[in-house]
Amino acid sequence: MKRKKQLKELTLKDNFMFGAVMMEEENCKRFLELALGFPIERVEVSKEKSIVYHPEYKGVRLDVYAKNEHNTRYNVEMQVAKKAELGKRVRYYHGQIDMELLLSGSDYTELPEVYVIFICDFDPFGKKKYRYTFTKQCEEEPGAQLQEGCKSIFLSTRGENDGEVPGELVSFLNFVKADLSESETDFEDDFVEKLQNTIRRIKSNREMEERFMIFEEMLRDERAEGKAEGIAEGIAEGKTEAVLEMLLELMNDLGEISDELRNRIASEKDLETLKKWHRLAARSESLDEFLEKM
């Protein structure tokens with residue numbers, strides 16, 4: 001079994017530490033300026049969206065969600081392991097932000113600019129770039145921009161195009177890539193030094209240590225719940241098929257199962273109900289008998 005990390009062993013690439021560091025608005029502001037390449041007057045980090053501050057929040061994804069003085073929204077995600085369909089994951093985050101804004105009463109014409117930023121400890125597109133920026137444009141006329149207000153940025157710790165991006169961004173990404181011992185070295189960069197000091201302060205904070213323990217416990221519980229639900233769903237799906245198969249056998253000379261009954265059986269998710277129907281179908285001598293006792 002993989003040993004659990006302790007708070008003192010975390011680096012910036014660990015989700016909990018990344019979220020805690022970026023909750024400090026000056027850290028978040030300077031990072032966003034590096035990632036985007038333009039100055040930001042101020043940012044407001046949404047603490048209620050972070051498990052660092054709300055450990056009871058279920059279904060969490062530990063991210064950084066912020067807005068600037070013009071109401072532009074920023075969602076930053078740390079991606080340590082390469083996962084399939086990164087494009088669709090970005091699409092999901094953009095959709096979630098838009099949905100929340102619309103549900104809060106905004107008209108679609110009032111939707112702000114939205115940036116979704118993935119910090120990847122791998123090269124997401126294999127082109128050895130530190131930064132990949134995506135916007136939508138016309139296929140027939142590349143100069144025609146959709147102007148939908150959405151931009152997706154992937155930062156990679158595996159880039160090699162140092163001359164094409166600011167040196168401060170390269171230093172930051174090298175700091176993200178570093179392991180625990182490497183992360184304590186001198187990167188000769190003011191921002192990285194500031195992040196190192198923030199991390200040291202977090203690691204010496206007893207309250208943050210308690211929050212990290214709660215965070216780890218929640219993740220363990222949610223993984224266990226997800227595994228149990230997956231097993232139950234698999235069993236339930238198998239029982240549904242078995243009930244339908246038995247009913248079909250009962251109906252050899254009686255016609256077809258109605259769509260209403262078929263849909264009712266297929267949509268039932270309660271395992272105990274499915275088991276009951278399974279036993280009932282096995283004992284019934286006709287479809288009418290099954291329907292009567294169902």
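## Overall architecture

A residue is termed buried when its relative accessible area is under 20%. In this predicted model, 40% of the 294 residues of the protein chain count as buried. The chain contains nine helices and six strands.

## Phe118 in strand β4

Strand β4 spans residues 114-120 and includes Phe118. Phe118 has a relative accessibility of 0% and therefore counts as buried, the cut-off for this class being under 20%.

Once residues up to four places away in sequence are set aside, Phe118 touches Glu77, Gln79, Leu86, Arg89, Val90, Tyr93, Ile153, Phe154 and Leu155. One of these partners, Leu86, is 32 residues from Phe118 in sequence, with a C-alpha to C-alpha distance of 9.3 Å. Another partner, Val90, is also named among the residues closest to the centre of the second largest pocket.

## The second largest pocket

The second largest pocket has a volume of about 360 Å³. Its lining comprises 16 residues, and those closest to the pocket centre are Gly87, Val90, His94, Lys136 and Ser152. Two elements, α3 (86-103) and β6 (150-156), each give two or more residues to this lining.

Helix α3 provides the largest share of the lining, with seven residues. Sorted by class, the lining of the second largest pocket consists of six nonpolar, five polar and five charged residues.

## Packing of helices α4 and α5

Helix α4 covers residues 167-177 and helix α5 covers residues 190-203. The axes of the two helices come within 9 Å and cross at roughly 35 degrees.

On the α4 side, the contact is formed by Ser171, Phe172 and Phe175. These residues meet Phe191, Val192, Leu195, Gln196 and Ile199 of α5. The contact of α4 with α5 has six nonpolar and two polar residues, and no charged residues. In the lining of the second largest pocket, by contrast, five charged residues are present.

How values were computed:
Residues numbered from 1 in each chain as written. Predicted model: local features only at pLDDT ≥ 70, side-chain atom pairs only at ≥ 80, totals over all residues. Heavy atoms only, no water. 1 Å grid on protein atoms, 1.4 Å probe; cavity = no way out; pocket = protein on both sides within 12 Å on 5 of 7 lines; lining within 4 Å. Points joined across faces, edges and corners; volume = space filled by probe spheres on them. Helix = DSSP H or I, 4+ residues; strand = E, 2+ residues; numbered from the N terminus. Nonpolar A, V, L, I, M, F, W, Y, C, P; charged D, E, K, R; others polar. Buried < 20%, exposed > 50% of the residue type's maximum accessible area, 1.4 Å probe, protein only. Axes fitted to C-alpha atoms, helices over the stretch in contact; angles between N-to-C directions. Contact = heavy atoms within 4.5 Å.
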